[in-house]
Amino acid sequence: MSQLDNKVFHALGSDTRVRMLELLDEGEKHISELARMLGISVPVAAKHVKILEEADLVERKIFGKTHVLKPNRENIYLAMNVFAPTKSIEVEKGTTLLDALRGVAAIKVQKKGDREVIVSTDGEEGLYVYEINGEFSEKSVQNCVLDEDTTIEWKKLEPVTKIKLDIHVKE
């Protein structure tokens with residue numbers, strides 16, 4: 001485990017810091033606002049924020065004497081990758097990714113238009129994408145042919161709201 005991983009898990013080991021991240025997920029906040037919302041002093045809040053910053057889980061913007069915080073979502077998501085299980089499989093050259101996946105997981109495929117898409121992995125329904133050696137591929141799993149040793153990251157797209165649009169159409 002890397003030094004950064006240790007810092008991340010240390011940072012997430014406090015209910016107060018986890019609550020800070022939850023509050024920051026709702027929108028950017030000042031340290032004093034976080035302290036007030038959590039019922040703690042500003043110096044105590046600042047110490048917690050420093051630990052979150054050292055773990056690279058929050059970002060700070062400084063406007064004069066005002067310090068505004070926001071979550072570093074990318075690093076929060078990367079921290080969760082530690083929990084992904086690694087499965088090894090040996091396949092023949094030319095095997096499709098779909099067939100390789102079937103060798104390690106229960107895959108449910110459904111016809112959508114002119115393509116077949118995976119709609120469930122090990123009973124978890126959802127939309128899935130994959131990366132080959134860290135790069136997203138535009139090929140379907142049926143068209144992705146494995147010709148060499150590779151690392152596939154099979155990712156479920158979680159229904160996390162990135163942005164909400166409240167659209168009003170003028171008459």
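Thr16, Arg17, Met20 and Leu21 of helix H2 meet Ala45, His48, Val49, Ile51 and Leu52 of helix H4, where contact means heavy atoms within 4.5 Å. The residues of this contact divide into 6 nonpolar, 2 polar and 1 charged.

Before going on, please note that this is a predicted model, in which local features need pLDDT of at least 70 and side-chain atom pairs count only at pLDDT 80 or more, while totals for chains, interfaces and linings use all residues. Residues are numbered from 1 along each chain as its sequence is written, and side-chain values use heavy atoms, with hydrogens and water left out.

How do the two helices lie? The axes of H2 (residues 15–25) and H4 (residues 42–54) come within 10 Å and cross at roughly 80°. That makes H2 roughly perpendicular to H4 (angles of 65 to 115 degrees count as such).

Now to the nonpolar cores, which are sets of buried Ala, Val, Leu, Ile, Met, Phe, Trp, Tyr and Cys residues joined through side-chain atoms within 4.5 Å; buried means under 20% relative accessible area, with a 1.4 Å probe and protein chains only.

| Core | Residues | Members include |
|---|---|---|
| Largest core | 17 residues | Met20, Leu34, Val49, Leu52, Leu57 and Leu69 |
| Second, separate core | 12 residues | Leu97, Ala100, Ala105 and Tyr128 |

Leaving aside its neighbours within four places in sequence, Met20 is in contact with Leu34, Leu38, Ile40, Ala45, His48, Val49 and Leu52.

Finally, the domain assignment, automatic or from a database, gives domain 1 (3–80) and domain 2 (87–156). Their centres, taken over C-alpha atoms, are 36 Å apart.

Technical notes. Axes are lines fitted to C-alpha atoms, for helices over the stretch in contact, and angles run from 0 to 180 degrees between N-to-C directions. Helices (H or I, at least four residues) and strands (E, at least two) are DSSP runs, numbered from the N terminus. Angles under 35 degrees count as roughly parallel, over 145 as roughly antiparallel, 65 to 115 as roughly perpendicular and the rest as oblique. Ala, Val, Leu, Ile, Met, Phe, Trp, Tyr, Cys and Pro count as nonpolar, Asp, Glu, Lys and Arg as charged, and the others, Gly among them, as polar. Buried means under 20% relative accessible area, exposed over 50%, partly exposed in between (1.4 Å probe, protein chains only).
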